[in-house]
Amino acid sequence: MASDADSDGDGVTDWEELAIGFDPTTNRSGRFSQTDSQRVTPGLGAANTITVSVYDESCSERWPDPAVFVVRRGGGLQPVTVNLSFGGSAGAGDYTSSPGGSSIAFAPGQREASIEIKPVPDSEDGETTEDIVLTVLPGSGYSVGSPSSGSVSIFNQTAADGPSAKEAARFLIQATFGPDQDSAADADQIPENVEEVMASGIEAWIDDQLALPIGRLTPMMQWQRELMASDPDHRLWNNRKMNAWWGRAMGLPKLRPDAVAEQLPDPLRQRVAFALSQIFVISDRMERIGVEPEAMAHYYDKLLEGSFGNFETLLKDVSLHPCMGFYLSHFANKKANPTNRTFPDENYAREVMQLFSIGLWMLNPDGTRMLDENGEPVPTYSNADITEFARVFTGLSFGRLSNGQPAQFNDYNGDFTVPMKGWDEHHDLGPKTLLLGATTPARTASPGSTGTATMADIDAAISNLFHHPNVGPFIGRQLIQRLVTSNPSPAYVGRVAAAFNASPRGDMGRTVKAILMDPEARDPARMADPTFGKLREPFLKVVNVARAFNASTQAGWFYLSGMDSLHVQEPFNSPSV
């Protein structure tokens with residue numbers, strides 16, 4: 001309870017500090033250089049000067065994000081009521097103001113107050129842009145400073161119009177790495193990619209993105225390797241895979257600096273691949289793949305390919321990539337040897353179910369958990385299922401050596417850009433029980449090292465997981481969380497799962513489009529819902545800022561390192577799966 005005590009010893013009591021908006025726990029509220037008493041003593045008798053500024057200069061009729069005026073008070077600390085007038089070409093019925101009325105009251109110590117302008121949609125499709133002018137009028141206890149007025153605009157927007165600038169910008173924050181900077185050649189201040197969405201419409205923009213060529217990271221990785229090979233004294237001591245990733249996030253026109261041809265950026269695919277990298281996790285914190293940056297970039301290219309491809313292919317590509325094989329330890333995983341009392345590693349068998357496909361609990365189509373007759377959630381798999389899937393993921397090793405020569409099962413320096421292949425002599429050939437009653441037959445080892453039996457089991461297991469009813473809601477919900485909102489409703493998850501389950505099943509492009517076009521993603525009213533949306537991750541903030549300020553490089557590529565230490569987040573750098 002506030003009292004006559006002076007907790008911070010600044011000469012102003014706690015009660016007085018609370019009354020004028022100061023902090024009674026510090027003697028320099030608001031981190032001013034002056035002590036609170038040094039500010040309060042003259043402030044109580046100082047004259048008030050009132051000015052107006054514009055925080056957000058525009059709004060659109062069919063988009064509820066308001067234009068915002070800010071009324072500021074300088075000088076005094078005492079309460080004061082300021083008189084205002086609203087003018088301009090917009091009529092009283094064209095908008096509402098909050099707070100409304102012809103005055104605004106400043107509490108003791110309050111320095112500024114916001115006034116929001118919200119347009120009222122109408123059927124007058126032919127009207128022009130209207131403006132609202134807020135002016136400070138003379139009154140008691142204050143003087144009018146400069147500027148004494150400000151102006152905001154209401155843009156006309158019909159039901160047939162494309163998205164407004166704010167609507168398009170909000171969409172791009174969900175679907176890409178954010179709006180970029182406006183061209184200096186434009187008279188307006190609207191970012192170029194925002195104008196593209198406004199011109200085409202959101203759905204047409206998505207369709208165009210789905211058809212763009214893939215902006216792979218591998219060309220940049222190859223260029224850096226060639227650069228170092230051509231000049232023995234040239235070393236890139238920074239994070240080479242981050243150089244490649246950042247170039248694609250920034251939409252550089254060339255996949256490698258010395259390329260002759262330019263390629264249109266594919267921001268939607270790049271954003272979805274980043275989301276997938278947070279689901280199908282590998283990390284350079286594992287030493288074996290941490291020293292293979294080109295291999296990790298190649299793995300990321302598989303996520304880029306799978307962003308709009310088929311989920312079954314994506315799951316198989318992830319499972320057979322040597323980076324994943326090392327990271328989750330099913331590389332060179334051997335069948336059980338009862339004599340030596342050795343058994344297959346179960347790491348990937350568990351994670352491919354728990355994290356990459358079906359999750360821990362049986363789900364309804366809307367992502368809610370199924371319950372048994374006792375009201376308890378139903379597990380998707382048991383420890384016995386993990387053991388069976390571990391038997392499936394045996395006998396996998398490098399497809400070839402890094403020099404292109406055939407590999408042996410236990411070779412260490414193989415080609416990370418080729419999928420792992422099967423070695424039947426090290427694979428468990430016995431019959432296996434998969435999920436939901438599916439089984440595989442006993443296999444016969446193929447001659448030589450073709451691995452036919454091994455790959456038959458792998459295909460069966462991937463197909464078994466892919467056709468599990470959990471995949472649509474489980475993967476769909478995770479992608480919604482990465483792109484749009486942390487707490488999607490069951491109805492939202494259900495609609496996305498239905499898009500995933502439609503024929504052909506597992507179409508990722510269709511699924512991504514369903515996520516971004518869903519009524520909950522596009523509903524502007526959701527902006528006022530405190531439970532909707534998501535915190536922007538640290539690294540996404542950095543990329544958004546770089547794009548907004550048109551970060552560029554004369555070299556044609558970005559030279560980066562230490563992003564994880566600066567921003568506590570970085571692609572390929574998860575502390576664990």
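Gly76 is buried, as its relative accessible area is 0% (buried means under 20% relative accessible area, exposed over 50% and partly exposed in between, with a 1.4 Å probe and protein chains only). The model is predicted: local features need pLDDT of at least 70, side-chain atom pairs count only at pLDDT 80 or more, and totals for chains, interfaces and linings use all residues. Residues are numbered from 1 along each chain as its sequence is written, and side-chain values use heavy atoms, with hydrogens and water left out.

Gly76 belongs to the loop between β3 (67-75) and β4 (80-87); strands (E, at least two residues) and helices (H or I, at least four) are DSSP runs numbered from the N terminus. Apart from neighbours within four places in sequence, Gly76 contacts Gly43, Ala46, Ala47, Asn48 and Arg111, where contact means heavy atoms within 4.5 Å.

The whole structure holds 24 aromatic pairs. Rings of Phe, Tyr and Trp (its six-membered ring) pair if their centres lie within 6.5 Å; planes under 30 degrees apart are stacked, over 60 edge-to-face and the rest tilted. The rings of Trp223 and Trp557 have centres 5.3 Å apart and planes at 70 degrees, so this pair is edge-to-face. Trp223 lies in helix α6 (residues 218-230) and Trp557 in the loop between α20 (538-548) and α21 (563-567), so the pair ties together parts 334 residues apart in sequence. Both Trp223 and Trp557 are buried.

| Charged residue | Ring | Distance to ring centre |
|---|---|---|
| Arg288 | Phe326 | 5.0 Å |
| Arg505 | Phe466 | 5.3 Å |

How values were computed:
Lys NZ or Arg CZ within 6 Å of the ring centre and 35° of its normal.
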